[in-house]
Amino acid sequence: EKPEGWAEGGGWWWRKRGGMEKTTTDLFWHLVQDKAGIKPATQPQVFTRAFTPKEAHWERFRTVKGETGTVISDFTLSGEAFEEDLEPMAHVEIEARCHPSVLHDKTLDLGWSTDASAVKELVERGRKPRFEKGGDGKAYGKKTISKQFKALDLSTDTLKAAQVPYRLTQIDSNFAAVVPLLEDLSISGHKVSHVDNLPPNVVNLNAHCNQIRSWPTLPNNNIRHLGLSGNLIETLASDLSREAASQLPHLFSVDLSSNRISTLQGVDPLLYLPSLKTLHLQNNPLCLLPNYRRRAVSSFSKLETFDGSQVLDIERDPALAMPRERLPGDPSPTP
C-alpha cells in the first residue's frame with residue numbers, strides 16, 4: 001500500500017496544508033519507530049525462565065516440629081530500567097554493527113541515519129534476558145534511544161526513498177532536547193525559511209534547496225560545514241557580523257551557490273572566517289561581475305577550493321582583493 005502523497009510513475013507531491021507537514025521531532029520519531037522498527041520501552045523488562053536444580057527438591061526450612069519443607073519454584077530475572085522516568089543507570093556505549101537479519105529486512109529503512117542499525121541492535125539486545133546469548137535485559141526508552149543518534153538525513157530525497165511523504169517548514173523548539181548529541185544534520189529540499197533551534201553539538205549542516213533568506217542561528221562555535229545552496233539569500237551583511245564570523249574558528253566549508261547574492265560585499269563577513277578553505281558562490285548574480293573569480297580568490301587568501309576547482313597562486317592579485325578591516329584581537333601586521 002502506497003503512502004498518502006505518492007503518485008504513480010515516481011512522481012511526488014506534497015499537500016500544502018493538513019497532515020503532510022511534520023515537525024522535525026515528529027518526523028524523527030516516525031523514522032525511528034515506523035521505518036526502523038525501533039520501539040522504545042515504556043517500563044522495565046521482566047523475564048522468567050524455569051530453573052531446574054540438581055536435586056528435585058531443596059531443603060529450605062525446618063519447622064519447630066523438625067519436619068522438612070520442600071520448595072520447587074521458577075527463577076525470575078527483572079531487567080534494569082534504562083530511562084530517567086524508570087530508574088537511572090550509567091550510559092552504555094554501543095558498537096556500529098547490526099545482525100544480518102536486521103540489515104536484510106526489506107520492511108525496514110535505516111538509510112536516514114548511519115546510527116540507526118546500531119541503535120536497533122541495542123534495543124533488540126535489551127529485549128532479551130541476560131541469560132540468553134546476546135541479551136542484556138535492559139529497557140531502553142525514548143530518551144536513551146534519541147541520545148544515540150549523531151547523524152540524521154531528513155532531506156526530501158532520503159524521505160522519498162523511504163516513502164515518507166512529509167515536509168518540514170521549521171526546526172521545532174523541542175528538537176534540540178530530543179537529539180542533544182546530534183552532530184550531522186541534513187534538512188535539504190524542504191520549505192524551511194529560517195534555521196534555528198539546532199541541537200547544541202551540530203557541526204555539519206546541509207540545508208540546501210529551502211526558502212532560507214538569512215544566515216543560520218548557530219548553536220555553537222564549532223561548526224565545520226554549512227550547505228545553504230539553492231535558497232533565497234541576498235546578503236550576509238545584515239545577519240552575520242564580522243565579529244561573529246571571527247568567532248567561528250572551525251568553519252572551513254561554506255556553500256552559498258544558487259542564491260540571490262549580487263555583490264561581493266554581500267559575502268563580506270566571510271572574509272573574517274579564520275579557517276575558510278572551501279567556498280561555493282557559483283550561480284549567484286555576482287558571478288556576472290568582471291573578474292569575478294580572481295576578485296574572490298584574491299579576497300579570500302586562505303581558500304584552497306573555490307566553486308569546485310582548486311585555487312592557484314597565479315590567480316591571486318592583491319590589487320583585486322576586497323578591503324578587510326582589522327578587528328580587536330587580530331594579530332599585528334608584519335612590518
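Q: What is the order of the 8 strands in the open sheet?
A: It runs β7-β8-β9-β10-β11-β12-β13-β14, with mixed pairing. Strands pair if DSSP finds at least two bridges between them. This is a predicted model: local features need pLDDT of at least 70, side-chain atom pairs count only at pLDDT 80 or more, and totals for chains, interfaces and linings use all residues. Residues are numbered from 1 along each chain as its sequence is written, and side-chain values use heavy atoms, leaving out hydrogens and water.

Q: Which are the edge strands?
A: β7 (151-153) and β14 (309-310). Each pairs on one side only.

Q: How do β10 and β11 run, parallel or antiparallel?
A: Parallel. 3 bridges join β10 (residues 225-227) to β11 (residues 253-255). In β11, S253 is the bridge partner of H225.

Q: And where is T278?
A: In strand β12, residues 278-280. Strands here are DSSP runs of E, at least two residues; helices are runs of H or I, at least four; both are numbered from the N terminus.

Q: Is T278 buried or exposed?
A: Buried, with a relative accessible area of 19%. Buried means under 20%, exposed over 50%, and partly exposed in between, using a 1.4 Å probe and protein chains only.

Q: What does T278 touch?
A: F252, S253, V254, L303 and T305, not counting residues up to four places away in sequence. Contact means heavy atoms within 4.5 Å.

Q: How far is T278 from H225?
A: 9.3 Å, C-alpha to C-alpha. In sequence they are 53 residues apart.

Q: Switching to helix α1. What span should it have?
A: α1 (residues 24-35) has 12 residues, so at 1.5 Å a residue it should span 16 Å. The expected span is 1.5 Å times one less than the number of residues. The end C-alpha atoms of α1 are 15 Å apart, which agrees.

Q: How many of the α1 residues are buried?
A: 9 of 12, so α1 is mostly covered. Among them are L27, F28, W29 and L31.

Q: What do the buried residues of α1 pack against?
A: α4 (142-146), β7, α5 (156-161) and α6 (175-178).

Q: What follows α1?
A: G37, with a positive phi near 70°.

Q: Zooming out, how many helices and strands are there in the chain?
A: 8 helices and 14 strands. Buried residues make up 45% of the 335 residues.

Q: What share of contacts between residues at least 6 apart in sequence join residues at least 24 apart?
A: 60%.
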